[in-house]
Amino acid sequence: MDSTQERTFCKWLNTKLEANGYPPMHSLVQDLSDGVRLIQLMEIMGDTSLGRYNKNPRIRVQKAENVNKALEFIRQRGIKLTNIGPEDIIDGNLKLILGMIWTLVLRFTIADISEEGLSAKEGLLLWAQRKTAPYKEVDVQDFSISWSDGLALCALIHCHRPELLDYDKLDKSDRHGNTRLAFQVAADHLGVPQLLEVEDLCDSMRPDERSVMTYIASYFHAFSTMDQAETVSRRVEKFAELMQSVWTSKNDYERRASALLHALSEVQKKWSTSRFTGSYTDAKEQSATFTTYKHTTKRTWVTERQDVTTLLGNIQTKLRTYGLREYIPPPGLALSDLDDAWNDLLQSEAKRSRAINAQIRQIKESLRKEFADLANDFSQRLHTISLELSGVAGPLETQQDQVKEIQTRLPTLSEALTRVAKAEQDCVVANVEENDYTVFTCQDLEFELGLVTQSLAKKISFIDNQIVSRNMTNLTPAQLEQFESTFRYFDRDETNTLSLTETSAALASQGLVYSDEDMTYIYDQLLQDYGAVTFEAFINLLVDITEDQTSPEQLRESFRGIADNKPFVTELDMRLAQLPVSAVDYLSEVIPSTNNEVGEPEYDYETWLQDVFA
C-alpha cells in the first residue's frame with residue numbers, strides 16, 4: 001500500500017507544483033529531503049511566503065533548516081504532526097513522510113468538505129453515497145473495496161454530467177474498462193488528474209483508503225461549482241424547513257408550558273380546599289395520595305419541566321445558529337414564570353406535607369389518650385371489685401349475697417373491656433407503639449379480669465360449700481375437711497361441680513368403687529335431684545353411703561382386701577384393684593407413706609383412716 005500511497009500523494013503534490021510553474025517531483029523521499037520542495041508546497045497551499053530559505057542546500061544543517069521551517073509553518077497553521085521531525089524527512093522515512101502528506105491532504109483538500117452537517121471523511125463518504133444512491137449496482141460503504149469495479153466512479157460522473165458517458169450501456173462486469181473510462185473522462189473533461197492507476201483499484205485485494213479518498217476528493221471539488229445551483233435551492237429549502245421547525249417548536253413550547261402551569265395551579269387549589277375528617281384512615285389515605293402524587297404526577301412534571309426548558313433552549317440555539325432574532329415567549333410563559341410557579345408548588349407541597357403529618361400526630365396522640373383513659377378506668381374498676389371481694393364479711397348468707405351482687409357487675413366489665421380492645425386496635429392500626437399515659441395493655445387487663453372472675457367463682461363456691469358443710473351436723477369436722485378436699489381435688493375445672501368421670505374417681509378415692517352401670521345410675525340420680533353434682537350433692541351422697549354402707553371398719557376391710565392383708569398398700573395394689581388413675585393419684589398424695597428397701601412407697605392406710613374418722 002505504501003507504493004500506491006507514494007505514487008498517489010506524489011501526483012497530488014505535483015498538481016500543486018505544476019499549477020504554480022514548478023517542475024514535478026519523481027520521488028517523495030529524494031525530492032523532499034532538502035526541504036526546498038516542501039517549502040514551495042507550503043507557500044502554495046498556504047498562499048503566503050515563508051521568507052528566506054536555502055534554495056540550494058548542500059549540507060545537512062541547511063537541509064534541516066529548510067525542513068524545520070516548513071514543519072514549523074505547518075504547525076503554526078494548527079495542523080498537528082505526530083512523531084515526525086526534520087531528520088525523518090532528510091533521512092527519507094517514507095512511512096512518516098506519507099503520514100505527513102496525508103495530514104496535508106486532510107487539511108487542504110478534505111477538511112473543508114461538508115455534507116449534511118458531516119465534515120471531512122464522513123462528509124465526503126456521505127456525499128458519494130447520496131450521489132450514487134440511484135445506481136443499483138453501486139453500494140458505497142467505504143473508500144476501498146466499494147470503488148474497485150469503476151462503477152462508483154462512473155456513477156459520480158454520470159450523476160453530474162450524464163452527457164459524458166452512458167452509464168446504462170456500461171459492461172458492469174468490465175472492472176478495468178469501467179475504471180479506465182472514468183479516469184479518462186475525469187481527466188479530459190473535469191480537470192481531475194489521474195492520481196491512481198487502474199491496477200491500484202482493480203487488482204488490489206483492498207485498495208488503499210487514503211489514496212482513494214484523495215482521488216475522490218478531487219471529484220468533490222470538481223463538481224462543487226456544478227452543485228452551487230443545487231446548493232442554493234437546498235439552502236432555501238433548508239431555511240424554510242428551519243423556520244417551519246422553529247414555528248412548530250414555538251407552538252409546542254407555548255402549549256406545553258401553559259398546560260404545565262395550569263396543572264401546577266390546579267393541584268395547589270385542590271390542596272388548599274382539602275379538609276380532614278379527623279379519622280386516622282382519612283389522614284393516611286390523604287398521606288398515601290400525596291405520596292403517590294410525588295412518585296407519579298410530580299415526577300412527570302419534573303420531566304416535563306426539564307423537557308420544556310430544553311425545548312426553549314433548542315429553539316434559541318437554532319435561531320442563534322442561523323443568526324435569527326431571539327424568541328421571546330408570550331407574557332406568563334417565560335422560563336422565569338415557570339420557575340416562580342415551580343417554587344410556589346414546592347412551598348405548597350411543604351405546607352401540605354406538614355398539615356398531613358400534624359394531623360396524623362394529633363390523631364395518634366388522641367388515640368393514646370383515649371386508650372389510656374379506658375384502660376386506666378378499667379383497671380381502677382377491677383381494683384375496686386377486688387377490694388370489695390376481699391372485704392366480704394359477716395354471716396355466710398350475707399357474704400353470699402354480697403359476692404353475687406359483685407358478680408352482677410361482670411357483664412359491664414366485659415363490655416368495658418371490649419371498648420378497651422377496640423381502642424387498642426385503633427392504636428395498632430395507627431402504628432401507635434408507645435403510650436406514656438398508661439402501663440396497661442388490653443391483654444394485661446383481660447388477664448386481670450379473668451383472675452377477678454375466677455376469684456368470684458371460687459368465693460361463691462367456697463361460701464356455698466361452707467353453708468353445706470355447716471348444715472352437715474352428722475359429719476365430724478375431719479370428715480367434712482376430707483370430703484371437701486376430695487371434692488376440690490377432683491373439681492379440676494373449678495366449676496364447683498363434678499362430671500361422671502370425676503365423681504367416679506372421687507368416690508373411688510374414698511374406697512367406694514362401683515361398676516360402670518351402677519356409677520351411671522348414681523350420677524343420673526344426682527343430676528335428677530340436684531341438677532348437677534355440686535358440693536352439696538357430693539357431701540349428701542357420701543353421708544348416705546357412709547351412714548348406710550361405709551363404716552371405718554368397712555373401709556379398713558376394703559383396704560386390707562386391696563393390700564392382700566398387708567398393713568400397707570402400694571400403688572401397684574391400687575392399680576391391680578382397678579381403682580381409677582385419678583383416685584390412685586389422690587390417695588398417693590393424702591395417705592402417709594414410707595419407702596421400703598427398694599425405694600417403693602408403702603402407704604399406711606390404717607393411720608390415715610384413723611385420722612379421717614377420729
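1. Lys-121 and Glu-209 form a salt bridge through their side chains, at 3.2 Å from N to O. Lys-121 sits in helix α7 (residues 120-132) and Glu-209 in helix α11, so the bridge ties together parts 88 residues apart in sequence. Lys-121 is partly exposed, at 32% relative accessibility. Glu-209 is partly exposed too, at 33%. Note that this is a predicted model.

2. Helix α11 covers residues 209-224. Its 16 residues should span 22 Å at 1.5 Å a residue, and the end C-alpha atoms are 22 Å apart, so the two agree. Buried residues of α11 include Met-213, Tyr-215, Phe-220 and Phe-223.

3. The structure holds 24 salt bridges. Another of them joins the side chains of Glu-304 and Arg-256, at 2.8 Å from N to O. Glu-304 belongs to helix α14 (residues 297-321) and Arg-256 to helix α12 (residues 228-273), 48 residues apart. Both residues are part of a salt-bridge network with Asp-252, Arg-255 and Asp-307.

4. Within helix α15, Glu-365 and Arg-368 are three residues apart, about one turn. Residues three or four places apart in an α-helix point the same way, because a turn takes 3.6 residues. The side chains of Glu-365 and Arg-368 meet in a salt bridge of 3.1 Å, N to O. Glu-365 is partly exposed at 26% relative accessibility, whereas Arg-368 is buried at 13%.

5. Ser-379 also lies in helix α15 (residues 335-390). Ser-379 is buried, with a relative accessible area of 13%. Beyond its neighbours within four places in sequence, Ser-379 contacts Phe-440, Leu-445 and Glu-448.

Methods: Residues are numbered from 1 along each chain as its sequence is written. This is a predicted model: local features need pLDDT of at least 70, side-chain atom pairs count only at pLDDT 80 or more; totals for chains, interfaces and linings use all residues. Side-chain values use heavy atoms; hydrogens and water are left out. Helices (H or I, at least four residues) and strands (E, at least two) are DSSP runs, numbered from the N terminus. The expected span of a helix is 1.5 Å times one less than its number of residues. Buried means under 20% relative accessible area, exposed over 50%, partly exposed in between (1.4 Å probe, protein chains only). Contact means heavy atoms within 4.5 Å. A salt bridge is a side-chain nitrogen of Lys or Arg within 4 Å of a carboxyl oxygen of Asp or Glu.
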